[in-house]
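Please open the structure in your viewer and keep the selection panel at hand. The stops below are meant to be taken in order.

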Amino acid sequence: MKPHNVTSVLLAGPRDSHKSSFLMQGAVKYAEGGQNVVYITAFEFESLPPPLQGFPKPAPDIFALIKFLYLPNWKDLLQYVFHLHLHALVPTVLIIEALEHYCTNSDTENSGSAAATAASHAALICAALIDGVAVCAKRSKSPAHLIVSLNEQKSQNMFSPLIDIFFTDVVWLFQKDEDDGCNPASYSMTNLETTFSKARQHKIFFKCETVDGNVVFSKVSFWENL
């Protein structure tokens with residue numbers, strides 16, 4: 001069971017839906033607020049993701065407050081998480097880009113029970129992340145946050161039960177509008193935050209402008225299910 005002082009947030013959707021922009025903006029906001037932020041990705045950035053429209057430009061030194069880790073595979077990720085308790089300064093915000101990359105174990109893809117083995121491996125990764133963030137919350141004596149992105153996979157059904165177990169606070173679903181014919185393409189993101197029997201949902205529509213490279217919000221709406 002996830003501790004009460006640990007928050008888990010998931011951003012899920014197509015690979016090209018600008019989830020990295022939202023992850024990066026979250027990292028910047030938390031760092032500006034004095035949180036210890038660690039941003040983990042399997043691949044080094046060639047350039048920063050497009051910024052979000054309406055947010056102030058980060059101070060030049062703000063990225064020095066964010067620790068970027070490039071961990072190429074799941075073994076490196078687990079080694080880092082399992083040793084968090086040894087760190088003198090633990091993160092209070094742990095951001096993982098492309099969770100599906102770490103949930104893939106090439107050693108078992110050709111085994112007879114590949115589907116079951118893959119699901120078990122993905123569950124191991126998610127559980128280790130939650131446990132690691134719980135350690136950070138205990139060590140820092142303050143709430144800690146796990147924020148991850150997940151790109152859609154052919155085996156998406158494998159992740160559905162894991163989302164229900166490990167990401168119980170906020171889930172943002174990203175979708176690409178395939179029918180608008182616009183250039184740049186339009187996207188939407190819907191949150192599925194639920195509290196007891198009341199669900200408050202927000203839907204945000206956005207696109208990435210080619211002129212200035214910003215992710216531009218075109219409409220925000222919300223509704224409540226009682």
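The tour goes from a helix to the cysteines and then to a strand.

The model is predicted, so local features are given only at pLDDT of at least 70 and side-chain atom pairs only at pLDDT 80 or more, while totals for chains, interfaces and linings use all residues. Residues are numbered from 1 along each chain as its sequence is written, and side-chain values use heavy atoms, with hydrogens and water left out.

Select helix H2, residues 74-82 (helices are DSSP runs of H or I with at least four residues, numbered from the N terminus). Its buried residues are Trp74, Leu77, Leu78, Tyr80 and Val81, where buried means under 20% relative accessible area with a 1.4 Å probe and protein chains only. Looking down the axis of H2, you will find these buried residues within an arc of 160 degrees, so they line one face of the helix; the arc is taken from the directions from the helix axis to the C-beta atoms.

Next, select cysteine 126, which is buried at 2% relative accessibility. The structure holds 0 disulfides (pairs of cysteine sulfur atoms within 2.5 Å), and the cysteine sulfur nearest to that of cysteine 126 belongs to cysteine 103, 4.7 Å away. Cysteine 136 is likewise buried, at 2% relative accessibility.

Finally, which strand holds serine 188? Serine 188 lies in strand S7, residues 186-191 (strands are DSSP runs of E with at least two residues), and is buried at 8% relative accessibility. Leaving aside neighbours within four places in sequence, the contacts of serine 188 include Leu173, Phe174, Lys203 and Phe206, contact meaning heavy atoms within 4.5 Å.

Notes
Buried means under 20% relative accessible area, exposed over 50%, partly exposed in between (1.4 Å probe, protein chains only).
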